[in-house]
There are 2 protein chains.
Amino acid sequence: MDLTDTPDLAYDVFSRTCPSRGTLEHVTGRWGALTLSALAAPEGSLRFNELRRRVDGVSEKMLSQTLQALERDGLVHRDAQPTNPPRVDYELTPLGREVAERLLALIHFVEGRMDEVLGARERYDVTRGCR
Amino acid sequence: MDLTDTPDLAYDVFSRTCPSRGTLEHVTGRWGALTLSALAAPEGSLRFNELRRRVDGVSEKMLSQTLQALERDGLVHRDAQPTNPPRVDYELTPLGREVAERLLALIHFVEGRMDEVLGARERYDVTRGCR
DNA sequence: CAGGATCCTTAGAGATACTG
DNA sequence: CAGTATCTCTAAGGATCCTG
């Protein structure tokens, strides 16, 4: 084993220039997180407009951009049938599924603790609201 | 067990108006995620400028805003000594620590798979780059 | 149906200067 | 040291129209 250099710490999100920051932003961004979560549903595979309905509030443009970024990062697989009308199915790749798992653990935890969060907010606003 | 209504699903991030979306954005946002991660370090407690140095690239303004949002959500505790010069320490609350745990699981997973991601990107750019 | 192309708006972000 | 205040400006995001 050679430990003179640090090849295993190649990617550090704390560094401004690390590409992992970009990927993390795709994954955790407003629409990225919801899109991955939607695709993690049991159905496994969803069409463009199905996704759009699930991800409440997303525009066509943002969903399209989000899906492209996730596909480029190898987290989402895009299956386009050259039929008319066109039919395109999106599903998670194996890597994407592992990412989504961890993402959902975070999301569900936050959802489950929202009462605490909301309580903390009220307390904060009462004490510091008088600024 | 009564399953006729769904009171336990009170917070659903898929809904445009759910407050959990806001909290999730504080947690997963560019600076929120890095700030929580930095505070999850073994030291436990960090001062403003220590944080600023760890979170490479953050401005005073954004760090300040981020910390306020996280404090308001009850994830970060702020301890200000009214001395001169002032000294303020930030640390995770118990709830914040649980959130950070799950967040770090996601971050470390992504960091560990960046080679795959970068490989996928190259393949994507080669095949679709010709647009 | 799945998205590309366009235009438009504004909130988020950075830089700087100032203060207790 | 730990912020706040102010300014500027870009780029994310939304709405709309269009096409294979």
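Contact is taken here to mean heavy atoms within 4.5 Å, and on this criterion 52 residues of chain B are in contact with 53 residues of chain A. The structure is a predicted model, in which local features need pLDDT of at least 70 and side-chain atom pairs count only at pLDDT 80 or more, whereas totals for chains, interfaces and linings use all residues. Residues are numbered from 1 along each chain as its sequence is written, chains are lettered from A and ligands numbered from 1 in the order in which they are written, and side-chain values use heavy atoms, with hydrogens and water left out.

With buried area defined as the accessible area (1.4 Å probe) that two parts lose on being put together, summed over both, about 5,100 Å² is buried between chain B and chain A, and carbon and sulfur atoms give 62% of this area. Of the area that chain B buries against chain A, Y11(B), F14(B) and R72(B) supply 14%, more than any other three residues.

Helices (H or I, at least four residues) and strands (E, at least two) are DSSP runs numbered from the N terminus; chain A comprises 6 helices and 3 strands, arranged from the N terminus on as α-α-β-α-α-β-β-α-α. The C-alpha trace of chain A spans about 60 × 50 × 25 Å along its principal axes. Among contacts in chain A between residues at least 6 apart in sequence, 44% join residues at least 24 apart.

Residues are classed by relative accessible area as buried (under 20%), exposed (over 50%) or partly exposed in between, with a 1.4 Å probe and protein chains only; buried residues account for 40% of the 131 residues in chain A. Helix α2 of chain A (residues 30–39) is largely enclosed by the rest of the structure, because 9 of its 10 residues are buried, including W31(A), L34(A), L36(A) and L39(A). In the segment before α1 (19–28) of chain A, V13(A) is likewise buried, with a relative accessible area of 3%. When residues up to four places away in sequence are not counted, V13(A) touches C18(A), S20(A), R21(A) and L24(A), together with L34(B), I107(B) and E111(B) of the partner chain. The C-alpha atoms of V13(A) and T23(A), 10 residues apart along the chain, are separated by 9.7 Å.

In chain B, where two strands are considered paired if DSSP finds at least two bridges between them, 3 strands form an open antiparallel sheet in the order β1-β3-β2. Strands β1 (45–47) and β2 (76–81) of chain B stand at the edges, each with a single partner strand, so one side of each is left without a neighbour in the sheet. The twist averages 25° from one strand to the next, with axes being lines fitted to C-alpha atoms, for helices over the stretch in contact, and angles running from 0 to 180 degrees between N-to-C directions. The antiparallel pairing of β1(B) with β3 (residues 87–92) of chain B extends over 3 bridges, and R47(B) stands opposite D89(B) in β3(B).

Most peptide bonds are trans. The bond from N84(A) to P85(A), however, is cis, with omega near 5°, and P85(A) is placed in the loop between β2 (76–81) and β3 (87–92) of chain A. In chain B, the peptide bond from N84(B) to P85(B) is cis, with omega near 5°, and P85(B) lies in the loop between β2 and β3 of that chain.
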